[in-house]
Amino acid sequence: MTRKPVFWAVFAILFAGSIFFWTQNYNKAFPVVSLDIRMNREMAVRAADTLAAKYNWHPREYRTAVTFYSERNVQTFVELEGGGLETFKSLSADSLYFPYGWQVRHFQENNPNETSVWFTPAGDPYCFRQKLGEDEPGAALGRDSALAVALAGLRDEWAVDLESYELVDEAEKTQPGGRVDHTFTYQRSGFELGENGFLRLRLVVSGDILTELMHFFQVPEAFQRRFSEMRSANDKIAFSSVLAMVLLYGLGGCVLGVFFLMRQRRVLWKTALLWGSFVSFVQVVSQINFLPLMWMNYDTAIATGSFITQIIISSIVGFLLQAVMYTLSFIAAESLSRRAFPNHIQFWKLWSPDTVGSTSILGQTIGGFMMAGLFLAYSLIFYMFTQNNLGWWSPADTDYNPNILAAYFPWLTSIAISLGAGFWEECLFRAVPIAGAALIGDRYGKRNLFIGVAMVVQALVFGAGHANYPVQPAYARVIELIIPSLAFGFLY
């Protein structure tokens, strides 16, 4: 069938139609939060430096880390129980609350004092927190004097209209060094989302200095418990996939399958080792690629050299473990496939000089890209139907994530994901079970039956393996990926 021109003509029309359908209807299927980002990373750093000098924040000499933050917990609550996605979008649009923005951290090794500043996507100062050590000296003001200091610190640049808030809580704490810290919590009057979802403002006075001005959304504890229960269902399904993957694919396919084929001298391991090491190396490098963001979680109590050493050691261990896993998967996938489907082009010779110019490779390559268009259209139709007709939920995402530019090589992430999902997952989730089932079926004279069972099993395991995504119902991704999994299996 694939050798007939009419097939490729129809295929090309379907591909073009799918891409057109995708571009015209993307926003209807996948909820997107569009952000008006007018500040970049460099601008955020300069603005934070200016504020630090103006208010004489600690530490005086500091290193800087920057991230574009997102408050997923708040977004999830508002989307599910606080009015929906449009209400969530209105928070930023009406300047009520900004769940997205820039956070800049000033820190110094072996110094408990540090400062973080938050900016809105448009670049306006939004919040700040100056963390002082317990032994940092300071005054011991009374409640009224501390409140006066807090109110005096509400400068115009922080754009706080305190008349829209009411004081709902206050506390004080005497630090070991004798400094008294006061905390005043305000709540926006007449504003509530869902049940007990409130906008709040926290002011902290450490001694006689305003050290914190923080806008935050009070997500109800009851919702957090309910959502944790919902997420546990996702995790249980995903765990069942991991268990099946380890037993069926890992021990059964990779270990036992390779063991029996080695006895028959049917294993090609050198190229698999090279590719397994390469894919593992790219995965590890893609993580180190985001080292600038890792400084947001750096504990100043440890030396910076120790922090870097921990990252290097964990990267080396991760590389070795992943290299073993990838190599075994590639050996099993290629060896089992070559034994079960001898008419397949040998995996490691796909791009050899003698093979790469063939019409078979040309057709498989072009066909692969064209199939991607059909799968994009399928995912669009699936989400449009399930969300509009069945009320299924998937969290909205931003149309752009500035954190990708924090990496040394922003393009590397896409390559790493492709090598993981497009290369390794297809070897492990498709080739190993289907080829293994074909060989077992040959042994018992029921090849087609075993392949059919393997088709169903691999579709369920693959779908369940993606069930830990924060979607509802918990089995949504299992249902979504059944058809693509069967299609991938059929193509294989």
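**Charges, strands and cores**

Colleague: Arg 38: buried or exposed?

Modeller: Arg 38 is exposed, at 56% relative accessible area. The cut-offs are under 20% for buried and over 50% for exposed, with partly exposed in between (1.4 Å probe, protein chains only).

Colleague: What sort of model is this, and what gets counted?

Modeller: This is a predicted model, where local features need pLDDT of at least 70 and side-chain atom pairs count only at pLDDT 80 or more, while totals for chains, interfaces and linings use all residues. Residues are numbered from 1 along each chain as its sequence is written, and side-chain values use heavy atoms, leaving out hydrogens and water.

Colleague: OK, back to Arg 38. Which residue does Arg 38 form a salt bridge with?

Modeller: Asp 36, with the closest N and O atoms 2.7 Å apart. A salt bridge here is a side-chain nitrogen of Lys or Arg within 4 Å of a carboxyl oxygen of Asp or Glu. Asp 36 is partly exposed, at 46% relative accessibility.

Colleague: How many salt bridges are there in the whole structure?

Modeller: The search finds 15. One of them pairs Arg 143 with Glu 170, closest N and O atoms 2.8 Å apart. That pair links distant parts of the chain: Arg 143 sits in helix H5 (residues 143-152) and Glu 170 in strand S6 (residues 165-174), 27 residues apart. Helices (H or I, at least four residues) and strands (E, at least two) are DSSP runs, numbered from the N terminus.

Colleague: And Arg 477 with Glu 480, are those buried or exposed?

Modeller: Both Arg 477 and Glu 480 are buried. Their salt bridge has its closest N and O atoms 3.1 Å apart, and they are about one helical turn apart because three residues separate them in helix H13 (residues 476-491). There's also a network: salt bridges with shared partners join Arg 129, Arg 202 and Glu 212.

Colleague: Where does Glu 212 sit, and what stands opposite?

Modeller: Glu 212 is in strand S9, opposite Arg 129. Val 204 also stands opposite Glu 212. S9 (residues 209-218) pairs antiparallel with S8 (residues 198-206) over nine bridges and with S5 over two; strands count as paired if DSSP finds at least two bridges between them.

Colleague: What are the neighbours of S4?

Modeller: S3 (residues 100-107) runs antiparallel to S4 with five bridges, and Trp 102 stands opposite Phe 119. On S5 (residues 125-131) there are six bridges, again antiparallel.

Colleague: Which residues touch the most other members of the largest nonpolar core?

Modeller: Val 78, Leu 91, Phe 119, Trp 158, Leu 203, Leu 213 and Phe 217, out of 53 residues. A nonpolar core is a set of buried Ala, Val, Leu, Ile, Met, Phe, Trp, Tyr and Cys residues joined through side-chain atoms within 4.5 Å.

Colleague: What does Trp 158 touch?

Modeller: Not counting residues up to four places away in sequence, the contacts (heavy atoms within 4.5 Å) include Leu 51, Val 117, Tyr 126 and Leu 213. Apart from that core lies another, of 38 residues, among them Val 258 and Trp 424.
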